Amino acid sequence: MWGGRFAEGPSAVMREINASIPFDKALWRQDITASKAHVAMLGAQGIVSEADAAIITDGLERIAEEYERDGVPEDWDLEDIHMTVEARLTELIGPVAGRLHTARSRNDQVATDFKLWVRTANERALSALGRLRRALVERAGEHAGTIMPGFTHLQTAQPVTLGHHLMAYYEMLTRDAARFEAAQQRLDECPLGSAALAGTGFAIDREATASALGFAQPTRNSLDAVSDRDFALDYLMAASQCAIHLSRLAEEMILWASQPFGFASLPDTLSTGSSIMPQKRNPDAAELVRGHAGRIVGAATSLMITMKGLPLAYSKDMQDDKPPVFEAAGLFDLCLAAMTGMIAETTFRPERMRAAAQAGHATATDLADWLVRQADVPFREAHHITGEAVKLADSKSCSLEELELSDLQGIDERIDERVFEALSIEASVASRSSYGGTAPDQVEQRVAEARARLDAEAGDSE
């Protein structure tokens with residue numbers, strides 16, 4: 001289709017390296033949708049006759065039916081999805097098919113198709129994130145008062161509630177949703193009509209095609225429009241950040257489901273067995289979510305490196321923009337679905353969590369805080385006194401709560417019997433009632449707010 005300038009056809013190597021149809025055939029729906037919008041505009045503007053526009057539109061619809069039924073054929077001589085569609089259109093309706101490409105280029109065509117595809121990927125991500133966030137909130141509501149150890153450096157730090165822990169991931173994923181929403185806003189401009197790089201001399205109506213394709217407006221600079229892949233990078237960066245959060249959650253589920261922790265039992269539907277050890281129950285779905293995060297981040301890195309040295313406007317390097325996005329999107333959709341099922345269906349074991357929270361002197365900070373509040377001891381001194389109490393409890397192989405009052409007064413005489421009201425893990429959790437703290441009433445408030453937000457988001461999307 002572009003051979004008029006050349007005396008010889010491409011070599012076999014050139015044919016193979018140049019062809020993108022094996023992967024960009026995924027854009028066939030977007031390509032036909034954008035072509036229908038383009039020819040409708042050409043007909044309305046009198047650039048092609050209304051009769052020809054109708055014939056072209058009918059041909060495009062027939063191609064869509066074929067591809068939906070049979071898939072997209074791969075002819076490497078046709079290079080890409082755009083020329084594949086146009087070649088089939090020519091077979092169906094004859095020379096009038098050649099009028100479709102008036103006032104456009106494959107440069108603005110692919111930018112439009114790809115942007116439409118990424119817009120749908122963003123929508124899928126937002127919908128799936130809504131489901132996962134809802135699952136986290138509902139489980140957090142069930143476990144607003146379930147005590148577990150909170151960790152720093154994976155060492156027991158202070159007791160928290162499982163509801164509070166799950167709501168931490170809700171907050172992370174809410175930020176992720178905001179990133180996808182921002183990406184949607186930034187891509188809401190239509191490149192179609194920018195042609196190769198300089199615009200066109202035909203009296204086209206870019207507002208009409210932008211509106212027909214669901215964009216807020218056309219792009220304002222034709223050079224930028226055909227060379228921009230920020231929308232794809234926005235998607236990959238948002239997916240990468242979210243995948244990191246999913247990986248952290250997956251890692252916690254893996255730890256919690258292990259025998260030494262025993263905090264949770266993952267659903268059968270998202271676990272596997274061993275080919276040799278019958279007792280094994282492997283958290284493979286969670287491990288693959290953790291692994292896929294690296295591939296998603298790698299996809300973002302790949303596209304950034306592709307784009308980093310390109311002058312304006314279009315370069316053939318940009319043909320490599322789609323494989324990393326397509327791969328990342330497929331992995332990301334799977335990760336969101338797997339983690340949603342895992343959170344919704346995991347069986348938590350409150351008794352194991354509580355026992356673990358009671359170990360490791362998790363209420364040591366509460367003793368220090370009690371000394372500050374009740375005995376007017378400066379915190380640094382209270383910290384030292386508490387360290388002595390922990391050392392004594394270790395020597396006696398007991399918890400702080402199990403020490404005798406005489407033991408504690410032997411360390412500091414300002415300690416009295418009221419201290420035991422602060423040393424239970426229930427008292428510790430209940431005392432963390434600052435805004436955003438782990439106290440059950442605080443968790444219940446955050447859960448209520450999150451439910452209201454999710455309901456509002458669901459209403460907005462209808």
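Biologist: Let's start with cysteine 398, is that buried or exposed?
Modeller: Keep in mind that this is a predicted model. Cysteine 398 is buried in it, with a relative accessible area of 16%.

Biologist: And cysteine 242, buried or exposed?
Modeller: Buried, with a relative accessible area of 0%.

Biologist: Which cysteine sulfur is closest to the one in cysteine 242?
Modeller: That would be the sulfur of cysteine 335, and the two are 8.9 Å apart, too far for a bond. A disulfide needs the sulfurs within 2.5 Å.

Biologist: OK, switching to helices. How do the axes of helix 3 and helix 6 cross?
Modeller: Helix 3 covers residues 28-44 and helix 6 covers 106-142; their axes come within 9 Å and cross at roughly 120°. That is why the two helices count as oblique to each other. The crossing of helix 3 and helix 6 is right-handed.

Biologist: Which residues meet there?
Modeller: From helix 3 you have Gln30, Asp31, Ala34 and Ser35, and they meet Gln109, Thr112, Asp113, Leu116 and Trp117 of helix 6. By class, that contact has three nonpolar, four polar and two charged residues.

Biologist: One more: where does aspartate 321 lie?
Modeller: In the loop between helix 11 (284-307) and helix 12 (322-345).

Biologist: Is aspartate 321 buried or exposed, and what does it touch?
Modeller: Aspartate 321 is buried, with a relative accessible area of 0%. Leaving aside residues up to four places away in sequence, aspartate 321 touches Phe114, Arg229 and Leu303.

Definitions and conventions. Residues are numbered from 1 along each chain as its sequence is written. This is a predicted model: local features need pLDDT of at least 70, side-chain atom pairs count only at pLDDT 80 or more; totals for chains, interfaces and linings use all residues. Side-chain values use heavy atoms; hydrogens and water are left out. Buried means under 20% relative accessible area, exposed over 50%, partly exposed in between (1.4 Å probe, protein chains only). Axes are lines fitted to C-alpha atoms, for helices over the stretch in contact, and angles run from 0 to 180 degrees between N-to-C directions. Helices (H or I, at least four residues) and strands (E, at least two) are DSSP runs, numbered from the N terminus. Angles under 35 degrees count as roughly parallel, over 145 as roughly antiparallel, 65 to 115 as roughly perpendicular and the rest as oblique. A crossing is left-handed if the near helix is turned anticlockwise from the far one by less than a right angle, and right-handed if clockwise. Contact means heavy atoms within 4.5 Å. Ala, Val, Leu, Ile, Met, Phe, Trp, Tyr, Cys and Pro count as nonpolar, Asp, Glu, Lys and Arg as charged, and the others, Gly among them, as polar.
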